[in-house]
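Open the model in your viewer and keep the selection tool at hand.

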Amino acid sequence: MTILKVGTVTFTATADGITATHEMVIGEALSKDAVVKVNYTDGKATNSGTNTAIEVDTVIREKLNESICPAYTAVAPCSEYVPLDGRRITNTFVNGIDGDANGALKTNNENGSYLLIKGYELGTKDFTISTWVYIDDYKKLSNNNGKTQIFGMSNPDAKPISGITLAIKRNHKDEAKATAGQLLYKTPSVDANQVVSENLDCNGWHKYTVTREGTSVKIYFDDTLLATATIAENADLGTNDICFGAYIDWTYSYNNASLVYDNVSIYDYALTEDQIKVLTA
């Protein structure tokens with residue numbers, strides 16, 4: 001067999017009256033390995049990318065159990081008080097999702113637990129941020145008044161923001177009427193969230209990828225290009241902490257949907273669509 005071009009090849013074999021097929025994606029090899037690649041083993045996140053000096057960590061926040069707060073908290077937010085019995089809601093990350101031997105990161109967005117990549121310098125350079133995300137039920141995602149953050153490198157309420165955010169929510173305020181997920185993004189060039197898709201079948205494992213190449217920002221869902229945005233040629237995204245699951249102290253991104261992350265990766269160049277197809281396959 002000779003490989004002639006990039007694409008999807010279907011192999012079919014028949015033996016003893018039984019036919020089986022197998023699809024293989026033939027695509028471009030990666031130009032370089034990921035600078036950051038997050039591994040999660042034995043309760044600890046580490047970076048096995050080509051620049052291991054870039055630190056990754058899990059941020060676990062605690063929230064008081066409001067149902068047992070003292071009665072006198074009507075004069076102040078319940079979260080300012082420690083219940084008499086000291087009980088708290090503690091968020092954790094768990095590994096071994098779907099039997100993945102290397103572990104996956106499960107956040108508790110309701111209280112703001114998230115994965116953090118510290119001090120990554122994006123500047124004006126090209127890059128790719130890519131991750132697999134598992135959502136068990138899109139109806140649990142934030143409603144139209146908020147968004148479940150897939151990743152962010154800037155306070156989403158800043159105008160203009162200093163980085164790029166990618167978020168997801170259910171496509172109706174009423175949970176019972178929601179029929180799918182809605183994907184949104186923001187860049188320094190726009191003040192409002194831009195809708196990528198209002199009917200995203202996002203349950204289960206899916207790959208979310210954002211690339212920057214010069215003035216072009218592209219958003220992929222699995223191996224499909226959903227949107228292209230233009231930013232200023234000299235748009236400087238600076239050095240940022242990149243948060244996966246919820247943005248630091250941005251309470252609107254905290255909700256009941258726990259996102260599960262795997263193969264979180266950052267490349268210092270923009271992957272092509274064919275390279276993304278191979279990684280997704």
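By class, five nonpolar, three polar and three charged residues make up the lining of the largest pocket (nonpolar: Ala, Val, Leu, Ile, Met, Phe, Trp, Tyr, Cys and Pro; charged: Asp, Glu, Lys and Arg; polar: the others, Gly among them). This is a predicted model, in which local features need pLDDT of at least 70, side-chain atom pairs count only at pLDDT 80 or more, and totals for chains, interfaces and linings use all residues. Residues are numbered from 1 along each chain as its sequence is written, and side-chain values use heavy atoms, with hydrogens and water left out.

Select Leu 30, Asp 33, Ala 34, Lys 37, Ser 130, Trp 132, Lys 207, Asn 263, Ser 265, Tyr 267 and Leu 279 to show that lining. A pocket is an open set of points on a 1 Å grid over the protein atoms alone, where a 1.4 Å probe fits, with protein on both sides within 12 Å along at least five of seven lines; lining residues have an atom within 4 Å of a point. Which strand gives the most to the lining? It is β19, with three residues (strands are DSSP runs of E, at least two residues; helices are runs of H or I, at least four; both are numbered from the N terminus).

Next, select helix α1, residues 273-280, where Gln 275, Ile 276 and Thr 280 are buried (under 20% relative accessible area, 1.4 Å probe, protein chains only). The buried residues of α1 fall within an arc of 135° seen down its axis, so they line one face of the helix (the arc is that of the directions from the helix axis to the C-beta atoms). Their cover includes β10, β15 and β16.

Finally, pick Lys 186 in strand β13. Lys 186 counts as buried because its relative accessibility is 4%. Its contacts (heavy atoms within 4.5 Å), leaving aside neighbours within four places in sequence, include Pro 156, Ile 161 and Asp 191.

Note on methods. Buried < 20%, exposed > 50% of the residue type's maximum accessible area, 1.4 Å probe, protein only.
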